[in-house]
Amino acid sequence: MKRILSLDGGGIRGVFSLQILARIEELLRAERSNPNLVLADEFHLIAGTSTGAIISAFLSWGLSVREVENLYITRSNEMFAREPWYRRWKAKYRSEAIADFFRGVFSETPDGKTPALLGTRKLRTLLLIIMRNASTGSPWPVCNNPKAMYNCATLPDCNLNIPLWQLLRGSTAAPSYFPPEEIDLAGNKHLFIDGGMTPFNNPALIAFLMATLPQYCIDWPASRESLHVTSIGTGFARARLPVKRAAEINMLDQVKYLAPAFIGSVSVEQDVLCRILGDCRHGPPIDSEIGSLETPTLLSNAEQKFTYVRYDEPFVIKNLDPKLKIAMEMDNLALIPYLKRAGEEYAANHVRLEHLYPRK
């Protein structure tokens with residue numbers, strides 16, 4: 001059975017995702033009687049957007065989940081290093097700080113001076129990174145599959161020759177937080193921004209399509225017994241307008257509401273489509289009307305394209321520390337202890353080994 005791991009974007013809320021991943025790794029280690037097992041040993045394609053792209057690359061590189069968590073917690077200040085006040089009209093955070101962090105990790109040599117490319121042999125799985133090409137206005141799902149159309153070695157702009165750190169910088173370049181990443185493709189400069197600005201902040205569906213559509217040249221079989229998709233969110237707080245009368249809502253209120261509402265709504269749609277196409281073993285309710293879609297929907301058992309599990313939950317703002325109630329943003333490092341506790345509790349209550357296998 002082929003396994004796909006899909007990781008949502010969400011900034012520092014990736015710490016929540018890491019607790020779910022740690023539980024999955026723990027269960028698989030126990031089942032295989034291998035205390036050194038890492039997720040790259042079990043998953044064949046790991047896909048991620050924004051913070052999910054960072055975690056995906058670390059896991060595909062062969063790191064354990066706790067090693068990734070340690071990097072997130074101890075080096076988050078490097079990932080979110082503020083620009084001086086006089087440069088914040090361009091972006092809130094320094095792109096060079098997070099780029100240096102990526103360059104130091106994803107290198108062919110210990111000194112960090114030889115950047116690993118997308119085609120590096122150090123990646124132990126297929127890796128899918130989601131970005132948006134802001135120069136052409138198109139989503140960019142970039143994979144290290146050597147058979148992919150734009151990964152041909154004879155092309156002057158072969159994607160496999162792009163440094164891995166640049167792809168991660170592009171996928172995490174959230175507008176206003178970080179400036180776009182400029183990548184030279186055969187002499188043409190392209191600007192890339194956060195993959196959350198595409199329909200694939202939740203990359204589960206595009207990962208499935210890349211693995212199975214003939215056009216992407218991976219061609220895995222699609223059935224509930226042959227393919228499993230594990231999709232993990234970062235926790236979410238539903239986008240809401242301020243509690244005001246309609247006449248009191250101003251332009252700033254609407255601008256702050258727009259991006260979270262768009263990203264959250266599209267991510268839910270991708271989740272719904274996965275639950276309809278696949279056999280959903282577990283997932284939080286979509287809404288009070290259709291529930292979690294854990295029983296066959298439009299497709300019979302024989303027609304379902306994969307086995308699917310979705311781990312995610314809404315954060316209840318009223319239960320947060322009062323100092324955090326207004327600061328659920330993706331760059332609030334003060335949330336790390338809360339995210340870790342919430343993720344551990346969620347994983348203990350929801351993640352089960354049987355979810356990782358087809359329904360009997």
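Select helix H1 (residues 14–32) together with helix H9 (residues 336–350): the two pack at an angle of about 35°, with their axes 7 Å apart. Axes here are lines fitted to C-alpha atoms, for helices over the stretch in contact, and angles run from 0 to 180 degrees between N-to-C directions. Helices (H or I, at least four residues) and strands (E, at least two) are DSSP runs, numbered from the N terminus.

The model is predicted, with local features requiring pLDDT of at least 70 and side-chain atom pairs counting only at pLDDT 80 or more, while totals for chains, interfaces and linings use all residues. Residues are numbered from 1 along each chain as its sequence is written, and side-chain values use heavy atoms, with hydrogens and water left out.

**Helix H1 against helix H9**

The crossing of H1 and H9 is right-handed; a crossing is left-handed if the near helix is turned anticlockwise from the far one by less than a right angle, and right-handed if clockwise. Show the side chains of Val15, Phe16, Gln19, Ile20 and Arg23 in H1, which meet Ile336, Leu339, Lys340, Ala342, Gly343, Glu344, Tyr346 and Ala347 in H9. Contact means heavy atoms within 4.5 Å. The contact of H1 with H9 comprises eight nonpolar, two polar and three charged residues. In this classification, Ala, Val, Leu, Ile, Met, Phe, Trp, Tyr, Cys and Pro count as nonpolar, Asp, Glu, Lys and Arg as charged, and the others, Gly among them, as polar.

**After helix H9**

Continue into the segment after H9, where Glu354 is located. Glu354 has a relative accessible area of 44% and is therefore partly exposed; buried means under 20%, exposed over 50%, and partly exposed in between (1.4 Å probe, protein chains only).

Move to Ser50, in the loop between strand S2 (45–49) and H2. Ser50 is not a glycine, yet its phi is positive, at about 55°. Most residues other than glycine have a negative phi. With 6% relative accessibility, Ser50 counts as buried.

Next select helix H2 (residues 51–60) and helix H3 (residues 65–74), whose axes are 10 Å apart and which pack at an angle of about 135°. That angle makes H2 oblique to H3; angles under 35 degrees count as roughly parallel, over 145 as roughly antiparallel, 65 to 115 as roughly perpendicular and the rest as oblique. H2 passes H3 in a right-handed crossing. On the H2 side, Thr51, Ile54, Ile55, Phe58 and Leu59 meet Val65, Val68, Leu71 and Tyr72 of H3. This contact of H2 with H3 has eight nonpolar residues, one polar and no charged.

**Helix H5 against helix H6**

Select helix H5 (residues 95–105) and helix H6 (residues 164–171); their axes come within 9 Å and cross at roughly 140°. H5 is thus oblique to H6, and their crossing is right-handed. Ser95, Ile98, Ala99, Phe102 and Arg103 of H5 make the contact with Trp165, Leu168 and Arg169 of H6. By class, the contact of H5 with H6 holds five nonpolar, one polar and two charged residues. Colouring H6 by accessibility shows a mostly covered helix, with eight of its eight residues buried.

**Aromatic pairs**

Rings of Phe, Tyr and Trp (its six-membered ring) pair if their centres lie within 6.5 Å; planes under 30 degrees apart count as stacked, over 60 as edge-to-face and the rest as tilted. By this rule the count comes to 13 aromatic pairs. The rings of Tyr93 and Tyr177 are stacked, because their centres are 6.4 Å apart and their planes at 5°. Tyr93 sits in the loop between helix H4 (76–79) and H5, and Tyr177, 84 residues apart from it, in the loop between H6 and strand S5 (181–185). Tyr93 and Tyr177 are buried.

Turn to Trp140 and Phe192, an edge-to-face pair with 4.8 Å centre to centre and 65° between the planes. Trp140 belongs to strand S4 (residues 138–143) and Phe192 to strand S6 (residues 188–194), so the pair ties together parts 52 residues apart in sequence. Trp140 is buried at a relative accessible area of 17%, and Phe192 counts as buried at 0%.

Finally, select Phe58, Trp61, Phe101, Phe102 and Phe106, which ring pairs link into a cluster.
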